[in-house]
Amino acid sequence: MVYVLLAPGFEESEAVVPTDLLRQAGLETALVSLSGPTVSGSHGITLCADLELSQVDLSNAEMLVLPGGLGGVEALWADDRVSTLIQEAAGKGVWLAALCAAPILLGRWGLLDGRRATAYPARHSQLGKAEVLPEARAVSDGKFVTGHACGSAFDFGLKLVEVLRGEEAARAVNDVIYYRR
């Protein structure tokens, strides 16, 4: 199961595009709210969550995905349950993925130290001791995937498919959506 964590103020395309691509690849993917059945993003688009945070089961988790959007990232940052979940997932070898401003959460807990990573340009200094690849659209290193910005949502989503199901699966999804940069 892939869990996409949604907090009020998340960047909508950074949640929807990767979720769509993961589901097209046949990966069971759930939108997860911190509380309640719906979550509103930074542009007023409200999504219905599949689960609440208390229902996340790390024993069947392949990956946790953290969309950006400064309000959403701040809400994730402020929630101790999220901190506990992310650190526990890292300890169990669950893939962790973060896009745009969200990689600062992984940097906060030192999870990117010594790894290659990217994030929204204004957030590079908050990636801890990561080797920042400022122009990369999506980077995987170890069990971590980071993405550059909102405009990289397709690159990021396809990278998630690639690390979980292989290059052939990512190419197959790309052939259907016909994404070209």
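Glu-88 forms a salt bridge with Lys-92, with the closest N and O atoms 3.5 Å apart. By salt bridge I mean a side-chain nitrogen of Lys or Arg within 4 Å of a carboxyl oxygen of Asp or Glu. Glu-88 is partly exposed, at a relative accessible area of 38%, whereas Lys-92 counts as exposed at 52%. On this scale, buried means under 20% relative accessible area, exposed over 50%, and partly exposed in between, computed with a 1.4 Å probe on protein chains only.

Before going further, a word on the source. This is a predicted model, in which local features need pLDDT of at least 70 and side-chain atom pairs count only at pLDDT 80 or more, while totals for chains, interfaces and linings use all residues. Residues are numbered from 1 along each chain as its sequence is written, and side-chain values use heavy atoms, with hydrogens and water left out.

Let me continue with the charged pairs. Side chains of opposite charge can pair when their charged atoms come close. The structure holds nine salt bridges. One of them links Arg-165 to Glu-62, with 2.8 Å between the closest N and O atoms. Arg-165 lies in helix 5 (residues 153-165) and Glu-62 in the loop between strand 5 (51-52) and strand 6, so this pair ties together parts that are 103 residues apart in sequence. Helices (H or I, at least four residues) and strands (E, at least two) are DSSP runs, numbered from the N terminus. Arg-165 is partly exposed at 42% relative accessibility, and Glu-62 is partly exposed at 25%.

Arg-81 forms a salt bridge with Asp-79, the closest N and O atoms being 2.8 Å apart. Here Arg-81 is partly exposed, at 42%, but Asp-79 is buried, at 13%.

I turn now to helix 3. Its twelve residues, 80-91, should span 16 Å at 1.5 Å a residue, and the end C-alpha atoms are 17 Å apart, which agrees. The expected span is 1.5 Å times one less than the number of residues.

Which residues of helix 3 are buried? They are Val-82, Ser-83, Leu-85, Ile-86 and Ala-89. These residues cover an arc of only 165° around the axis, which puts them on the same side of helix 3. The arc is that of the directions from the helix axis to the C-beta atoms. An α-helix has 3.6 residues a turn, so residues three or four places apart point the same way. On the other side of helix 3, Asp-80 and Gly-91 are exposed.

What covers the buried residues of helix 3? The cover includes strand 1 (2-6), strand 6 (63-66), helix 2 (70-78), strand 7 (95-99) and helix 4 (103-108), where contact means heavy atoms within 4.5 Å. After helix 3 comes Gly-93, with a positive phi near 75°.

Finally, strand 11, residues 144-147. Phe-144 and Thr-146 point one way from this strand, Val-145 and Gly-147 the other way, and all are buried. Strand 7 and strand 11 run parallel, joined by four bridges; two strands pair if DSSP finds at least two bridges between them. In this pairing, Ala-98 stands opposite Thr-146. Strand 10 (residues 138-141) runs antiparallel to strand 11, and four bridges join them. Asp-141 stands opposite Phe-144 in strand 11. Strands 10 and 11 form a hairpin with two residues between them, and in the turn Gly-142 has a positive phi of about 65°.
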